[in-house]
Amino acid sequence: MTAKVTRISRSKGRLSRSDWVAAARRVFVRTGIDEVKIDGLARELKVTRGSFYWHFKDLEDLRSALIEDWREQNLREIAAIEDRWAEEPPSLVDVGVAWLAERQGDRSVFSSAMRDWARKDNRIAPLVHEIDRSWIALIARVFATMGHGVEDSTVRARIVYYHRIGYHALPLDETLEELCALQSHFTRAFTGRELDRKEEQRLRERLEHLHPAYRRRN
């Protein structure tokens, strides 16, 4: 099941399935899964419950769509990085910039909310673990390319990934611009080496695309 979140797009006055998923996501990241309820969403969308049942069998069906939305978001990010690595050597630069992009909109708080849900619901936990393993396997490729063995690459990848989760969980008072400026330092700390010239160029180009203020500073 695939549920992509978009802005409300009414067709002849009827809400789409994506509209309901988007509304559920807003409530979910704001107040948690227990507050994702049909009546509350209908009030937020200013429609009747009948609109909901046009698209979903029941509340569990909507919650499944919410899970799939998060899963698809992560798989798209991973696939985009893999596509880059088909043309360029694997680098933490690409992973770091992808995670910075999550701070735009609600993607980082969406992930935190999903983890909170997984801690309360054993049915959700395996799906979260599946995505965690996919990210760790991706990051491990960077260290394998550097010559580390399988176990060493996996441990190093876990450290990088847990760093990302920590950033989601902690209420750190850092702007996106400040985090952009720190990316080369984070990469150096994780890999134990300086970025080469091509990596520096990749980082600069992607940060400038992500945050125009970075271009003005550099």
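1. Let me start with Asp39, which is partly exposed at a relative accessible area of 38% (buried means under 20%, exposed over 50%, partly exposed in between, with a 1.4 Å probe and protein chains only). Its partner in a salt bridge is Arg49, with the closest N and O atoms 2.6 Å apart (a side-chain nitrogen of Lys or Arg within 4 Å of a carboxyl oxygen of Asp or Glu). Arg49 lies in helix H3 (residues 49–55) and Asp39 in helix H2 (residues 38–45), so the pair ties together parts that are 10 residues apart in sequence; helices (H or I, at least four residues) are DSSP runs numbered from the N terminus.

2. A note on the basis: this is a predicted model, where local features need pLDDT of at least 70, side-chain atom pairs count only at pLDDT 80 or more, and totals for chains, interfaces and linings use all residues. Residues are numbered from 1 along each chain as its sequence is written, and side-chain values use heavy atoms, leaving out hydrogens and water.

3. The structure holds 20 salt bridges. Among them, Glu199 and Arg193 meet at 2.9 Å, N to O; Glu199 is buried, with a relative accessible area of 5%, and Arg193 is partly exposed at 30%. Shared partners also join Glu60, Arg63, Asp121 and Arg123 into one salt-bridge network.

4. Now to the rings: Trp20, Phe52, Tyr53 and Phe56 are linked into a cluster by ring pairs (Phe, Tyr and six-membered Trp rings with centres within 6.5 Å; planes under 30 degrees apart count as stacked, over 60 as edge-to-face and the rest as tilted). Both Phe52 and Phe56 are buried.

Terms used: Helix = DSSP H or I, 4+ residues; strand = E, 2+ residues; numbered from the N terminus.
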